[in-house]
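Let's take a walk through this structure together, one piece at a time. Have the sequence and the 3D view open as you read.

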Amino acid sequence: MNTSYGFKQYVKEIFTGSKSLIIGMGITLKHMFKPIVTVQYPRQKPIMTPHFRGHIEAIIFDDTKSHHCVACGLCARTCPSHVIKVQGEKTKAGDRKYGKQYFIDFTKCSLCGLCVDVCPEKTLKFSDEYELAFYSRWDGVMDIMQRLEERK
Amino acid sequence: MNMTQLPIIKDIYGFLGPDLLVGVVGLLLVLIFVPLNSAFLVWVERKVAGHIQLRPGPMEVGPHGILQSLIDAVKLMCKEMITPDLADKPLFWMAPCIVVIPAIVCFVVIPFSPVMQIRELNVGILLIFAFSSISGLSIMMGGWASNNKYSLIGAVRAVAQSIAYEIPLLLSTMSVIIMSNSFKMSQIVSDQSTVWNFILQPVAAIIFIICSTAETNRAPFDLVEAESELVSGFHTEYTGMRDALFFMAEYTAMFIASSMAVVLFFGGWHGPFFSGIVWFVLKAYFLVFVTVWIRWTFPRLRFDQLMNFAWKVLIPISLLNLLVTAIVIKVL
């Protein structure tokens, strides 16, 4: 490599370098006046995607205006972490049983979804609730039937 | 600093002489201005960074988060100041005290407007260069005294960097000084009443801005406190208000470097419609904004790139620029 070639490269590098620096600064300046894209969390709340897994909750069906839980206990039996307890009730003898209380201990739930898959009445789904922080471990135990009443 | 506007103070303290009065009042104003300015610049920095990254930046304290850095200062004052066991105690204590000296002293000679200058010195520019080198000393002291490998590496880098970048900085300043034939800051500004030096000396101006960015240890030349390599460089071991003093010195150094660039290249207080101080402050804050903008655009240089850039690019170009300036001045 002769000297004049090296010098040419040196000058060329300075000019191409300065050009790319100016282009870069133009890009950041343009971005500075674009609208912000972040969600201001406590002020604005994002809506979760349909596949988000919050704690499980009962679906409200149109025919009964309530859940279809029959308190069969399959979810409680299939749960690998043993966090579900279902309490059923019959109004009169010979009638169908229906779910009265449905406790889950969310602090131990691994959100595997086996209860949703196994439910014969297809009355369970994942909620889009994401603010699931508690002050005490007993606050993590929730009755999803009670939450259903609150949602109605 | 007009004496006739302060008749009562003149009656009481007149026997001390106008120079002393101007000095005392001016220094008090500087002592008020320096912390407020750095709090404001921290907020500006965070806001600009946020908007460049498409997020809003601080929003909670005050309208658009403008009081955020004041609250942070209160927090830092309340924090415990930890001294490491194996630190060199006197030096460790002294470094943050020394780092604020240039931040305050350099304001003495900056001409904000024809009358707003605390002290007119014939060697104003030399004074600023001399005192800004003290910040390098305090970085070295802080890095050495912390007895921490990251601090020490940061300090070593600071020394190498400031030696390399002071040469082109002085050379580019020299070409302006040759043109106006004076080290007086007000003289240099009044020479630019018709044409700014930026138009006559664009190369020197750009080199000056690059080198002052490097001298104030700002990105992309922030190898001194490279977060991803050196925790936070020379002030890794500093906590609470001592850390805040280093921060204050950094942001004040930014403002002083921008003021120097305004004085040398951007016509100082000259400008239409408004009075001198307004123009000076506007120009200085615009240059500060440019430094912040540069920081959030470019990635950090590697150390060999940093040294190559200084010795192989900036110094030859600034020498050539000085030579051409000298010849042109002599011939014309």
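What radius of gyration does chain A have, and what would a compact globule of 152 residues have? Chain A has 29 Å, while such a globule would come out near 15 Å. The radius of gyration here is taken over C-alpha atoms, and the globule rule is 2.2 Å times the number of residues to the power 0.38. You can see the numbers in the box that the C-alpha atoms of chain A fill, roughly 105 × 35 × 35 Å along the principal axes.

Before going on, a word on the ground rules. This is a predicted model, in which local features need pLDDT of at least 70 and side-chain atom pairs count only at pLDDT 80 or more, while totals for chains, interfaces and linings use all residues. Residues are numbered from 1 along each chain as its sequence is written, and chains are lettered from A and ligands numbered from 1 in the order in which they are written.

Chain A holds four helices and five strands, and along the sequence they follow the pattern α-β-α-β-β-α-β-β-α. Helices (H or I, at least four residues) and strands (E, at least two) are DSSP runs, numbered from the N terminus. Chain B has 13 helices and zero strands. Its C-alpha atoms fill a box of roughly 60 × 55 × 45 Å along the principal axes. With 332 residues, a compact globule would have a radius of gyration near 20 Å, so the 21 Å of chain B agrees.

Where do the two chains meet? Eleven residues from chain A and eleven residues from chain B make the contact, which counts two residues if their C-beta atoms, placed from the backbone, lie within 7 Å. On the side of chain A there are six nonpolar, four polar and one charged residues. In this sorting, Ala, Val, Leu, Ile, Met, Phe, Trp, Tyr, Cys and Pro are nonpolar, Asp, Glu, Lys and Arg are charged, and the others, Gly among them, are polar.

Now look inside chain B. Between them, 21 residues of domain 1 of chain B touch 22 residues of domain 2 of chain B. On the domain 1 side, H2(B) gives the largest share, 16 residues. That side divides into 15 nonpolar, five polar and one charged.

Two helix pairs in chain B are worth a visit. H5(B) (residues 124-145) and H6(B) (residues 149-180) pack at an angle of about 170°, with their axes 8 Å apart. Axes are lines fitted to C-alpha atoms, for helices over the stretch in contact, and angles run from 0 to 180 degrees between N-to-C directions. H5(B) is therefore roughly antiparallel to H6(B). Angles under 35 degrees count as roughly parallel, over 145 as roughly antiparallel, 65 to 115 as roughly perpendicular and the rest as oblique. The residues of this contact of H5(B) with H6(B) divide into ten nonpolar, seven polar and no charged.

The axes of H11(B) (residues 240-265) and H12(B) (residues 276-295) come within 8 Å and cross at roughly 120°, which means that H11(B) is oblique to H12(B). Residues that meet here include Met254(B) and Phe255(B) in H11(B) and Phe280(B) and Lys283(B) in H12(B).
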